[in-house]
Amino acid sequence: MAIVGHREYETIYILRPNADEDTRTNVRNRVESVIEAAGGHILKFDEWGVRRLAYRIRDSVEPRYHEQGNYQYYRFIAPPSFVDLDNEEVDVVAEIERNLGILDPVIKYISVKLDEHLDPEERLNRPEKKIEPVADVQHADDEDDDEDDD
């Protein structure tokens, strides 16, 4: 019988733009260890690289602001909570975000619940949906004045 009650989540976190390979690997291992401890499964991991931020973010350790960040993306399924080594029930997302919050290289993070009440076996067998790129959108002020042919 399959364990029912898992949820699907996305977590995106932003590291300092100068984070080296070892730092990125350490943060990644920390996130993955929480997911694995909860009995979850990683569906997808993407390293999006260094990108410009929408707004400047103040560094929590250094007296400076960041205009770029190194983006990391996770999609995973896990139960909503698990029992840790101290026999205490812990919320999976709260534990991931707690870990991200105490790691100095992490400057921002967010987790989103995508689906709930999943059968893990069924979800693991379902292929990822391919997302097609968005077509170029023509704005009203870019259109030709062909409509005014009176």
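1. **Helix packing.** In this predicted model, helix H1 (residues 21-37) and helix H2 (residues 92-102) have axes that come within 9 Å and cross at roughly 160 degrees. The axes are lines fitted to C-alpha atoms, for helices over the stretch in contact, and angles run from 0 to 180 degrees between N-to-C directions. H1 and H2 are therefore roughly antiparallel to each other. The cut-offs: under 35 degrees counts as roughly parallel, over 145 as roughly antiparallel, 65 to 115 as roughly perpendicular, and the rest as oblique. The crossing of H1 and H2 is right-handed. That term applies if the near helix is turned clockwise from the far one by less than a right angle; anticlockwise is left-handed.

2. **Who meets whom.** H1 brings Val-27, Arg-30, Val-31, Val-34 and Ile-35 to the contact. H2 brings Val-92, Glu-95, Ile-96, Asn-99, Leu-100 and Ile-102. The residues of the H1 contact with H2 divide into eight nonpolar, one polar and two charged. Here Ala, Val, Leu, Ile, Met, Phe, Trp, Tyr, Cys and Pro count as nonpolar, Asp, Glu, Lys and Arg as charged, and the others, Gly among them, as polar. Contact means heavy atoms within 4.5 Å.

3. **Basis of the values.** Residues are numbered from 1 along each chain as its sequence is written, and side-chain values use heavy atoms, with hydrogens and water left out. As the model is predicted, local features need pLDDT of at least 70, side-chain atom pairs count only at pLDDT 80 or more, and totals for chains, interfaces and linings use all residues.

4. **Overall layout.** The protein chain has three helices and six strands. Along the sequence they follow the pattern β-α-β-β-β-β-α-β-α. Helices (H or I, at least four residues) and strands (E, at least two) are DSSP runs, numbered from the N terminus. Of the 150 residues in the protein chain, 34% are buried. Buried means under 20% relative accessible area, exposed over 50%, and partly exposed in between (1.4 Å probe, protein chains only). Take the contacts with a separation of 6 or more: residues 24 or more positions apart account for 72% of them.

5. **Aromatic pairs.** Rings of Phe, Tyr and Trp (its six-membered ring) pair if their centres lie within 6.5 Å; planes under 30 degrees apart count as stacked, over 60 as edge-to-face and the rest as tilted. The count comes to five aromatic pairs. One of them is Phe-45 with Tyr-74, a tilted pair at 4.7 Å centre to centre and 50 degrees between the planes. Phe-45 lies in strand S2 (residues 41-58) and Tyr-74 in strand S3 (residues 65-78), so the pair ties together parts 29 residues apart in sequence. Phe-45 is buried, with a relative accessible area of 18%. Tyr-74 is buried too, at 0%.

6. **A stacked pair.** Trp-48 and Tyr-71 are stacked, 6.3 Å centre to centre with 25 degrees between the planes. This pair also links distant parts of the chain: Trp-48 is in strand S2, Tyr-71 in strand S3, 23 residues apart. Trp-48 is partly exposed, with a relative accessible area of 33%. Tyr-71 is buried, at 15%. Separately, ring pairs link Tyr-13, Phe-45 and Tyr-74 into a cluster.

7. **Pro-17.** This residue is found in the loop between strand S1 (6-15) and H1. Pro-17 is partly exposed, with a relative accessible area of 22%. Beyond its neighbours within four places in sequence, Pro-17 is in contact with Val-50, His-66, Gln-68, Gly-69 and Asn-70. Pro-17 and Ile-107 are 90 residues apart in sequence, yet 9.7 Å apart in space, C-alpha to C-alpha.

8. Ser-81 lies in strand S4 and is partly exposed, with a relative accessible area of 25%. Leaving aside neighbours within four places in sequence, Ser-81 is in contact with Glu-89, Val-90, Asp-91 and Val-92. Leu-85 lies in the loop between S4 and S5. Leu-85 is exposed, at 87%.

9. **A backbone check.** Asn-87 has a positive phi of about 60 degrees although it is not a glycine. Asn-87 lies in the loop between strand S4 (81-83) and strand S5 (89-91). Asn-87 is exposed, with a relative accessible area of 66%.
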